Each structure stands twice: as C-alpha cells, then as structure tokens.
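Trainee: Could we go through this model together, with the structure in view?

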Amino acid sequence: TGSTRAERLLKAVQKNARRGDPQSVISAIDHYCRHSEWAMNVGDEKGSILDSVLSEVSPSCALELGTYCGYSTVRIARLLPPGATFVTVEFNPKYAKVARQVIEFAGLQDKVKLIEGASGDLIPKMKELFGNVTFDFVFLDHWKDRYVLDTKLLEDCGLLRKGSVLLADNVICPGTPEYLAYVRNNPRYKSTYYKSHLEYTKVEDGLEKSVFMG
Ligand SMILES: Cc1ncnc2c1ncn2[C@@H]1O[C@H](/C=C/CNC(=O)c2cc(-c3ccc(F)cc3)cc(O)c2O)C[C@H]1O
Ligand SMILES: [Mg+2]
C-alpha cells in the first residue's frame, strides 16, 4: 500500500534536514507542508509565538497533548533548559512511530518522553509515572473536543500549580469554542489571545495562553 502523509513528511525530513540539527528539521517540515503537502503542524507563524511563550516560561516540566509527527515536539524540546522533563502524548501508533523518528533525527530523543495512549487515560497516571510533578507548561494540540475535559483533568489530578501556563492551538480554526468559554470565563485563569493564521495558509487562527492562578 502507499505511504501515509505522515510517512511522506518523515521522508522529507530525512531527505532535506541535517541529523542533530533541530532547526533544519523544523524548516524541512515547514517547506514540505507549505509547498508539497499540507499537514496539521502548528507551523512557522504560530510556532514563533509558541517559541516566545516557551522562552518566557522556561519550563522545567512540560506536557504536550497530541504529538502527531513531532513538529511542535521538536520546537518545544529544542528550547527547554537542560534537565527539564518533557512529556508528549499520542494515541495513534502510526503517528507515534513517525514522531519518534523525527525527534531522533533532530537529536532530541533524550529530552522527550513520548508516551503512547489517550490523554484521558495517561493524565491520571502522570504522578505515578513521573513522581509528584506539576507541569509549568502545557501545549494543547490534540482533538479539539478534548481540550476542556483534559484541562479539568489536569486540575483535578493536581498537575497544575499557581502560574502554570496552558497554550492551546487552533482556538479559531478548527476552533475550540467550549475551551475558550471555559478559560475566559473562569476566575482561575488569566487568558490572552495571540492572533495568527492557520498553518501554511492565510486563514485566521490563533493561540490562547491561559495562566492558572491556583
Ligand atoms: C485524546 C487524545 N489522546 C492522545 N492523542 C490524541 C488524542 N486526540 C488526538 N490525538 C492525537 O493528536 C493528533 C491530533 C490532532 C488534532 N488536530 C487537528 O485536528 C487540527 C486540525 C487542523 C485543521 C484546520 C483546518 C482544516 F481545514 C483542517 C484541519 C489544524 C490543526 O492545527 C490541528 O491541530 C493526532 C492524534 O492521534
Ligand atoms: Mg494544531
């Protein structure tokens, strides 16, 4: 059978990027998805906003929901301080397999813990898996109808602390109306909208940054 979009994206990385060079992996994916085949990576424009929020937070413990091909995983891992814990969650084994290879090509495999499974099952296991952790930074980029559920689950499992930063992709396109309502009307969050565009297009999209107030 033919290859999948994810596998073709991986081939583009192996062909055009340089081993051990995260920036070249990011550029190779952006070039491929802009000029050959669109894919749902956060992309370069929103990726720059992700980079700047990450640099502000400088998390020692970070979580990503929805690894997909590992594009934002590489973007995040390349900016983390040494010794930081970074967990990324992906329930589709085919995507996880591609992501592992993308992350390894970038030379960031020692900074990333990719766990296969559903966020709803894994979030309650984080304390058991990683000791009594709280996440300083969470990037939400998985199924859009899971954002609210998983945010509430993170709260209930004691995985957020005063000052934890949630950054959510696609709050306009495809859109996460219930999540926006939840974080914007909730006194326990201070939210900021970063207007941008859907990856590789001129369509409006944006990132919502929400600081948990404890
Ligand atoms: C619950 C759960 N647990 C673990 N992994 C989970 C999960 N839900 C999804 N995942 C994994 O994350 C990834 C899913 C991400 C969902 N992202 C999207 O659906 C998505 C869609 C678009 C988009 C916009 C306009 C269009 F016209 C078409 C598409 C753009 C994006 O940036 C996206 O992130 C892959 C999936 O296996
Ligand atoms: Mg997205």
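**Helix packing, cores and overall fold**

Mentor: The model is predicted. The cover over the buried residues of α10 includes β4, α8 (147-156), β5, α9 (171-175), β6 (189-197) and β7 (204-212).

Trainee: Which residues of α10 are buried, and why do they lie on the same side of α10?

Mentor: Helix α10 covers residues 177-184, and Y179, L180, Y182 and V183 are its buried residues. They lie on the same side of α10 because the arc they cover around the axis is only 165°.

Trainee: Which residues touch the most other members of the largest nonpolar core?

Mentor: The largest nonpolar core has 44 residues. α1 (5-16), α2 (22-35), α3 (43-57), α4 (71-77), α5 (93-105), β4 (135-140) and β5 (160-168) each give two or more residues to this core. Apart from it lies another core of 27 residues, with L180 among them. In the largest core, the members touching the most others are L9, V25, I29, L50, I76, F137 and F139.

Trainee: What does L50 touch, leaving out residues up to four places away in sequence?

Mentor: L50 belongs to the largest nonpolar core. With those sequence neighbours left out, L50 touches V42, S72, R75, I76, F137, F139, L167 and L207.

Trainee: What is the radius of gyration of the protein chain?

Mentor: The chain has 10 helices and 7 strands. For 214 residues the globule rule gives 17 Å, and the chain's value is close to that, so the chain is as compact as a globular protein of that length. The radius of gyration is 16 Å.

Methods
Residues are numbered from 1 along each chain as its sequence is written. Chains are lettered from A and ligands numbered from 1 in the order in which they are written. This is a predicted model: local features need pLDDT of at least 70, side-chain atom pairs count only at pLDDT 80 or more; totals for chains, interfaces and linings use all residues. Side-chain values use heavy atoms; hydrogens and water are left out. A nonpolar core is a set of buried Ala, Val, Leu, Ile, Met, Phe, Trp, Tyr and Cys residues joined through side-chain atoms within 4.5 Å. Buried means under 20% relative accessible area, exposed over 50%, partly exposed in between (1.4 Å probe, protein chains only). Helices (H or I, at least four residues) and strands (E, at least two) are DSSP runs, numbered from the N terminus. Contact means heavy atoms within 4.5 Å. The arc is that of the directions from the helix axis to the C-beta atoms. The radius of gyration is taken over C-alpha atoms; the globule rule is 2.2 Å times the number of residues to the power 0.38.
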